[in-house]
Each structure stands twice: as C-alpha cells, then as structure tokens.
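Me: I have a structure open and want to talk it through. Can we keep it brisk?

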Amino acid sequence: MNWQKQDYDDIPGTYVFDGQRAHPAYAINKLLYTFNDEACRAEFDADPAAYCDKMGVTGEYKEAVLTQDFLGLLRLGANIYFLAKMCIPRGVSVQDAGAAFQGISTEEFQQRLLDKGNGLSDILAKRGDYWNG
Amino acid sequence: MAKIIGGITSSHIPAVGNAISQGLTQEPYWKRFFDGYEPAKDWLKEVKPDLVIVVYNDHGLNFFLDKMPTFALGCADIYENADEGWGLKPTAPFTGDAKLSWHIAQSLVEQEFDICTCQEMKVDHGFVNPIRALFGDHVDWPVKAIPLAVNTVQHPVPSAARCLKLGRALGKALESYPEDTRVVILGTGGMSHQLQGERAGIIDVEFDLECMDKIATEPEWMTQFSNAEIIRRAGSEGIETIMWLVMRGALKDDAAVLHKHYHAPISNTGAGVLVLDNQ
C-alpha cells in the first residue's frame, strides 16, 4: 500500500515531517537525538562511521551523515530540529543550513531575510494599533 | 480561586536566548525586537502573576519521536532545562505547582481532552526563552511555571480549531481551581518561518499581522485554515502559531488588547507580542 497523499505534498521545497518521513528515518533521527548529550557528540566526532554503525544508520542515510549532506538528510526524513543538533555543534547555523538548502551563500540568505522587513515601520504605522519603536 | 489575569504571546527562537546570554539586546539588530517587550514586562510587574502556563512545543529535548503526545502537561514541582545540542547554556530550574497541574489534568480529561501527564519533563528553549524575554534571567525565577507542550513537530499535529478548544477547556480548568493563584498564559512560537528545504527563509508579514489582529479579537477566524493551508502560507515551522490559540481560548472573548508588537525578521522568523488583559 502507498502512503496516503497529503494536502501539503505539493508545497515546493518543503518536507513536512509526517509518518511517511518519520517511519523510514527513525534510526537517523534517533542518532541525531543522542546529540543532546555531549558524550555522544564526542563519540560521533571521534569516529562518525562507527557511530552510525552503532546506531543502526546504514546505506544512503550513513552516506549522507558522513558527507554532511544536510539537504540529502532532510529529503531522507531527518527532522529539521534534530538535524540542527548535528549542524550547530559543527559551526553550521540554521541560516547556513537554509542557505545550503537553496544553494546560495549565507550572506545572500540573510539579506533575503532582512529584505522581508523592508517598509515594516510604515506598514505598522498604517495599521495604527501596533507599538512602533 | 485561580484567576487568569491575562495572556501574552512571544517568539521562542533559540537566538533570543543567545542574545540575552551574550548581552546583545540593545545591539542594532536586536534593539527593536526587545524594546517591544518593555510594555509587556511593565504590565507583568504591575499585575504580578504567581504562575505562568507556557504553551510551547518541545524540539527534541524531552520528547523523542518514539512517543509523541499531541498535548502534554507538566505535573511536577520542578522542571529542568538541559543541553539541547544547540549550544544554549542551560538556565536555572523552574518551580512548578504539581497540585494545580493535576487539577488541570483532571479537569481536561473530564472535558474530553485526554492529556499526557508528565511527572518528569525537561523544558527546552521553547519554554525557557519566552520566560527569559519577559522576566529577565534569574537564579530564582520570580514566577512559578507549568509547561503545556503541543506537538507541532511530527505530523499529524492538532488543528488550530483543536488548540482553541483546548484553551477553552484550560480556562474552565483554571476557573474551577479553589486556591487563589494569579495566572498568566504564554502562547509561544511562530510566527511565519520555514527552516527546512529549498523554501527555507520565507516570512509573510501580511499574514502574520492578520493572524495577530484576529487572534487578539476574533480567534475563530484562524480555525478556517487547515494545517496544510497554514504551512503553505506561514511555512512548515510557522505552524507553531496555532499554539497562540491555546492561550487565547483560555481568556474571555472580550479580553482587552493592551499591546501589539511585531518585528521581522528576527533570526528566520516574524515575531509577535500580544498582551491581553483578562480582568
């Protein structure tokens, strides 16, 4: 039986974390979850391949971990919050990861974010009932 | 009698915690965001709540994906923050109120909200950062706190309509608590943002402002949207805004809007502060 279609499946560039992703990616997410623990982060850093083996992360999942292919991991079902536990201790912020997902530089990604706030003060002034600095 | 004196919304993004820890709140990037909290902080000093109920989602500190409750209530006397693997320094523990929690749990179950009760519950940045933004950092926190976690991480997640109903049930639960306790409810998370995929970085200012306006005065408006529609408009992580409805549902329909503050972008998000007076 196929996985049931969802209303959000057609949203571009978006990997909604549901059963279809969570089920096959259980082991990789469990590996990422262990990174809450400093000792596990250190053990992974000492030998990432051995740590994958220990956690039952194999095949394309293991390959994506070893090559730090964050978009690949996301597509394979890694949850973004759990993935961040791998990124951030390696000096990869969520904005670096966002830029990597899009294939642009972090500076460009940050500038696109900043542009979202253009004219905000005027928009709020027009609405009238917002605190506006 | 317990009294809900009001509700506040707040972003809970990790960067807010880092900005506070690193003393950056008056730096140009952060100043407008944090200055907009001042009226909320002044109001809290005036009304002096005994306890806050923090509606938030756990991001993989307390709950792994092995067991994912849709709604979970802390029923302990103490809640610890801990290493999330994100480089955030753990804060001092928070004091709860187990008797009130168990009263809420009983009342919610009687009202057919079959909530998961947690006698141990680590609280992550989603819980901690709104308290830090609103009360400042403390070794002894000036207010008790109860965590109410909503699953917004692993779909299916509850609908906006369900969150609003939970809020209404929470309001009834608090109203029926015999001891005098002054409660403020914090609805946290949001607003529009997407961290993941090629669509990462979206922010929709117009949608955020419409959500703020309507959640303040006409929260039923938000229940017209399916979760897929909210994700389409506000981003995959923007779904967090449904948690504001738990706060809103616990308040009177005509709660007074004391303060509205919106800022974008902060980190990857649009961020909104509402202060609603329920007295």
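Me: Let's start with A:Gln68. Where is A:Gln68 in chain A?
Reply: A:Gln68 sits in the loop between α5 (59-66) and α6 (70-76) of chain A. Helices (H or I, at least four residues) and strands (E, at least two) are DSSP runs, numbered from the N terminus.

Me: What should I know about the model itself and the numbering?
Reply: This is a predicted model: local features need pLDDT of at least 70, side-chain atom pairs count only at pLDDT 80 or more, and totals for chains, interfaces and linings use all residues. Residues are numbered from 1 along each chain as its sequence is written, while chains are lettered from A and ligands numbered from 1 in the order in which they are written.

Me: Back to A:Gln68. What is its phi?
Reply: Phi of A:Gln68 is positive, about 50 degrees, although A:Gln68 is not a glycine.

Me: And how many other C-beta atoms are within 10 Å of A:Gln68?
Reply: There are 14, so A:Gln68 is partly exposed. The cut-offs: a residue is buried if 20 or more other C-beta atoms lie within 10 Å of its own, exposed if 12 or fewer, and partly exposed in between; C-beta atoms are placed from the backbone.

Me: Which residue other than glycine has a positive phi in chain B?
Reply: B:Glu112 has one, with phi near 70 degrees. B:Glu112 lies in the loop between α4 (98-110) and β6 (116-118) of chain B.

Me: Is B:Glu112 buried or exposed?
Reply: B:Glu112 counts as exposed, because it has 8 C-beta neighbours inside 10 Å.

Me: Zoom out. How many helices and strands does chain A have?
Reply: Chain A has ten helices and zero strands. Is it compact or spread out?
Me: You tell me!
Reply: Chain A is more spread out than a compact globule, because its radius of gyration is 19 Å, well over the 14 Å that the globule rule gives for 133 residues. That radius is taken over C-alpha atoms, and the globule rule is 2.2 Å times the number of residues to the power 0.38. Along its principal axes, the C-alpha trace of chain A spans about 60 × 40 × 25 Å.

Me: How much of chain A is buried?
Reply: Buried residues make up 35% of its 133 residues.

Me: Now chain B. How many helices and strands there?
Reply: Chain B has nine helices and ten strands. Its radius of gyration is 17 Å, close to the 19 Å from the globule rule for 279 residues, so chain B is as compact as a globular protein of that length. Its C-alpha trace spans about 45 × 40 × 40 Å along the principal axes.

Me: And the buried share of chain B?
Reply: It is 58% of the 279 residues.

Me: How many residues does each chain put into the contact between them?
Reply: Chain A gives 47 residues and chain B gives 41. Two residues are in contact if their C-beta atoms, placed from the backbone, lie within 7 Å.

Me: What classes of residue are on the chain A side?
Reply: The side of chain A that touches chain B has 27 nonpolar, eleven polar and nine charged residues. Here Ala, Val, Leu, Ile, Met, Phe, Trp, Tyr, Cys and Pro count as nonpolar, Asp, Glu, Lys and Arg as charged, and the others, Gly among them, as polar.

Me: Pick a helix. Which residues of α7(B) are buried?
Reply: They are B:Val205, B:Asp208, B:Leu209, B:Cys211, B:Met212, B:Ile215 and B:Ala216. Seen down the axis of α7(B), they fall within an arc of 155 degrees, so they line one face of the helix. The arc is that of the directions from the helix axis to the C-beta atoms.

Me: What do they pack against?
Reply: In chain A, they pack against α9 (106-116) and α10 (120-127). In chain B, their partners are α9 (244-250), β9 (256-266) and β10 (269-277).

Me: What does B:Leu209 touch?
Reply: B:Leu209 touches A:Arg127 and B:Tyr262, not counting residues up to four places away in sequence. B:Leu209 counts as buried, because it has 21 C-beta neighbours inside 10 Å.

Me: Last topic. Where are the cis peptide bonds?
Reply: One joins B:Gly190 and B:Met191, with omega about -15 degrees. B:Met191 is in the loop between β8 (181-188) and α7 of chain B. Another runs from B:Ala264 to B:Pro265, with omega near -10 degrees. B:Pro265 is in strand β9 of chain B.
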